Amino acid sequence: MTRSQAGRIAALTLAFTAACGKDPVSIAGRDASTITANGAATTSRAGNDDDEHGAPTIAMRDDCDPTDPAWAPTGGCLLRRGNVRQAEFNLELTSPLITSTVGHMAWRMDPTYLVVQAGRTVRVTNEGGRAHTFTEVRQFGGGKVPPLNRGMAVAPECPGSVNVAPGATVEVDGLAVGNHHFQCCIHPWMRELIKVQERDQNSSAAM
Ligand SMILES: [Cu+2]
């Protein structure tokens, strides 16, 4: 990936900026309370590629059970309702048939593949109850939580990645034409491929 493909940080009214200058991801709240209340947002936004109206959107999802106290030492679970206790999460982390982390499939990007026209802003909302990141990486790899990285080398972009709190939204802007790989640097099986096309390749979706 060239430097030009890395995109740029979008200017946002909420000045909660990403730490890495080459990171195309910037963070905003759906409203002021989204950031300050750390997950108090109650609206739900589906993950859809809406090329004609509004921004294409991706949801980062999990299904943590807020009644399970085992989540508390690592940020808790800010969902109102969820079905996965930490013991189950740990059981789903691996398979004896696979040498690397598998991960609980409720922890996911939705959708995992998105085609957008060049120049579009992609909005990514953490709809889960746990922290996630939406980090562009040159190649998929492990994240910044070593116990979740079995068999994976750490992606070099991950140690400096910025967490997205439950309820918060990041905007990805300025992506060059081509394929872009994003992952959660906490749960590295949460992966996203964004394919950016020239605007005139699909006239019905041209801006
Ligand atoms: Cu995650």
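Trainee: Okay, which strand does β5 run antiparallel to, and how many bridges join them?
Mentor: Keeping in mind that this is a predicted model, β5 is joined by four bridges to strand β7, which covers residues 168–172, and the two run antiparallel. Within that pairing, Arg 123 has Glu 171 of β7 as its bridge partner.

Trainee: And with β2, is the pairing parallel or antiparallel?
Mentor: Strand β2, residues 57–61, pairs with β5 in the parallel sense, again over four bridges, and there Ala 59 stands opposite Thr 125 of β5.

Trainee: So is β5 buried or exposed?
Mentor: It is mostly covered, since five of the five residues in β5 (122–126) count as buried. Both faces are covered, with Val 122, Val 124 and Asn 126 buried on one side, and Arg 123 and Thr 125 buried on the other.

Trainee: Switching topic, what is the strand order in the open sheet?
Mentor: That open sheet has four strands in the order β4-β9-β8-β6, and its pairing is mixed. β4 (113–117) and β6 (135–137) stand at the edges, and because each has a single partner strand, one side of each is left without a neighbour in the sheet. On average, and ignoring direction, neighbouring strands here are turned by 35° against each other.

Trainee: How does β4 pair with β9?
Mentor: β4 and β9, the latter spanning residues 191–197, pair in the parallel sense over five bridges, and Val 115 has Lys 195 in β9 as its bridge partner.

Trainee: Now the inside: which residues have the most contacts in the largest nonpolar core?
Mentor: That core has 30 residues, and the ones with the most contacts inside it are Met 60, Val 122, Val 124, Phe 134, Val 164 and Ile 194. At least two residues of this core come from each of β2, β4, β5, β7 and β9.

Trainee: What does Phe 134 touch, then?
Mentor: If we leave aside its neighbours within four places in sequence, Phe 134 is in contact with Val 25, Met 60, Val 124, Val 164, Val 170 and Phe 182. Apart from this core lies another one, of seven residues, which includes Cys 64, Leu 79, Val 84 and Phe 89.

Trainee: Last one, how many helices and strands are there overall?
Mentor: The protein has two helices and nine strands, which run β-α-β-α-β-β-β-β-β-β-β from the N terminus on. Of its 207 residues, 39% are buried.

Key:
Residues are numbered from 1 along each chain as its sequence is written. This is a predicted model: local features need pLDDT of at least 70, side-chain atom pairs count only at pLDDT 80 or more; totals for chains, interfaces and linings use all residues. A residue is buried if 20 or more other C-beta atoms lie within 10 Å of its own, exposed if 12 or fewer, and partly exposed in between; C-beta atoms are placed from the backbone. Two strands pair if DSSP finds at least two bridges between them. Axes are lines fitted to C-alpha atoms, for helices over the stretch in contact, and angles run from 0 to 180 degrees between N-to-C directions. A nonpolar core is a set of buried Ala, Val, Leu, Ile, Met, Phe, Trp, Tyr and Cys residues joined through C-beta atoms within 7 Å. Two residues are in contact if their C-beta atoms, placed from the backbone, lie within 7 Å.
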